[in-house]
Amino acid sequence: MPVIVLVGAQWGDEGKGKATDLLGDRLDYVVKFNGGNNAGHTVVIEGEKYALHLLPSGILTPGVVPVIGNGVVVDLAVLFQEIDGLEARGVDTSRLRVSANAHVIPSYNRSMDKVAERFLGSRRIGTTGRGIGPTYADKMNRVGVRVQDLFDESILRQKVEAALSFKNQVLSKIYNRQAVKPDDVVKELLSYVDRLRPYVGDTALELSEALDAGKVVLCEAGQATLLDVDHGTYPFVTSSNATAGGACTGSGIPPTRIDRVVAVLKAFTSRVGEGPFPTELHDKFGDHLREVGHEYGTTTGRPRRIGWLDLVMARYAQRINGVTDFVLTKLDNYDDLDEIPVCVAYEVNGVRHDEMPISQSDFHHAVPIYETLPGWKQDISGCRTFADLPKDAQRFVEFVEERIRARISVVGVGPGREEVIERHSVLSEA
């Protein structure tokens, strides 16, 4: 049975949670394969808004098994805060599975993240300060703490002491901060063991057995393509692989089992944090799109930077991820506009670029080349078929589809679960 990979096509906040929820009754497993609680999904179900940061959005769908894969870094305090919050609202979280190989975010990495970002000053990356980057760095430096380590106190203590032997030198001698006591870290992590134990397992094996049994698995990315540590706008990126390739390494599912790659594309562009942004708006249109789209970070509450839709980025996302289906969200945010500029190429030092420039410097200096499409000036939130859309809204979708070289299978026309137009099933052949 199919494995579907779901990614963001821009800098995140495209509406991946909504796409997962739309597919909910056709899924058996939803796997988060990268990132941590540095991003969030907002899902609206029957008027109820759910903000998820660490848990896969499949946790909201009855019968779906949500999985935190080995590629995720886990803040255990946040994990149980989210579980408690959902349980208090009547959501069953007992099906959750957590990979024994996922890495844990110790308190000292949150400290390292915050002081390092302050130290960078004007050169800061714009991290959330939640310890994500330092924990991935520990993973690559082979001094990380994994979930399974919490079940052997001796190993846990060895790993914490080894990590702090270096980090305490940095905290105290470079950043003038108080050294962290290993005993305090070990005590905190061990406090979660009894509650954590029932959720933990060999999730790669469980997913393999599920696929053999004919189950449908969705691999859900945190962050998005342009934040991928390899393929994003480096260094203004996250510390993990948020593209389709990361689904394999972050879940243990081999690439030969992936059938579909679905990318979520917002009808305009937004980003949180620092870094270049060719179509960014600093005018009434940016303010309008931010307010009608409620464009504030799910995790941080920060106002998002807003820009027109960038099809150069969207084509790049299609190519890097091998996208078979796009989900176009927030089309309704354009309901009040007379005209809609869409970026179709860049100009860099007098040269037209139809594809992403190879260098960071060129991307930083890219000037968008726009084509302007007519608006439709009416409320489309009640549309449920493509034919229901005003002709100019249909033309907008078709224009985008033509330029990104993959079909738009779903169009979002409002925040609610039912406010979508499904043009093609993402489980069908293209």
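Colleague: Leaving aside its neighbours within four places in sequence, which residues is Ser240 in contact with?
Modeller: This is a predicted model in which local features need pLDDT of at least 70 and side-chain atom pairs count only at pLDDT 80 or more, while totals for chains, interfaces and linings use all residues. Residues are numbered from 1 along each chain as its sequence is written, and side-chain values use heavy atoms, with hydrogens and water left out. Taking contact as heavy atoms within 4.5 Å, and leaving aside neighbours within four places in sequence, the partners of Ser240 are Asn34, Gly35, Tyr136, Gln223, Leu227, Asp228 and Val229.

Colleague: Is Ser240 buried or exposed?
Modeller: Ser240 lies in the loop between β10 (217-220) and α9 (244-251), where helices (H or I, at least four residues) and strands (E, at least two) are DSSP runs numbered from the N terminus. The side chain of Ser240 makes a polar contact with the side chain of Asn34 at 3.0 Å, the term standing for a pair of N or O atoms within 3.5 Å, one able to donate a hydrogen and the other to accept it. Because the relative accessible area of Ser240 is 5%, and buried means under 20%, exposed over 50% and partly exposed in between, with a 1.4 Å probe and protein chains only, Ser240 is buried.

Colleague: What is the relative accessible area of Lys173?
Modeller: Lys173 is found in helix α5 (residues 153-174), and its side chain is joined to that of Gln169 by a polar contact of 2.7 Å. Lys173 is exposed because its relative accessible area is 66%.

Colleague: Is α11 parallel or oblique to α13?
Modeller: The axes of α11 (residues 311-321) and α13 (residues 391-404), lines fitted to C-alpha atoms over the stretch in contact with angles running from 0 to 180 degrees between N-to-C directions, come within 9 Å and cross at roughly 55°. Angles under 35 degrees count as roughly parallel, over 145 as roughly antiparallel, 65 to 115 as roughly perpendicular and the rest as oblique, so α11 relative to α13 is oblique.

Colleague: Which residues of α13 does α11 meet?
Modeller: From α11, the residues taking part are Leu311, Ala314, Arg315 and Gln318. On the α13 side, they meet Phe399, Val400, Arg403 and Ile404.

Colleague: How many of the 11 residues of α11 are buried?
Modeller: At the start of α11, a side-chain oxygen of Asp310 reaches to within 3.0 Å of the backbone nitrogen of Val312, and α11 is followed by Gly322, whose phi is positive, near 65°. The buried residues of α11 include Val312, Tyr316 and Asn321. The helix α11 is mostly covered, the number of its 11 residues that are buried being 9.
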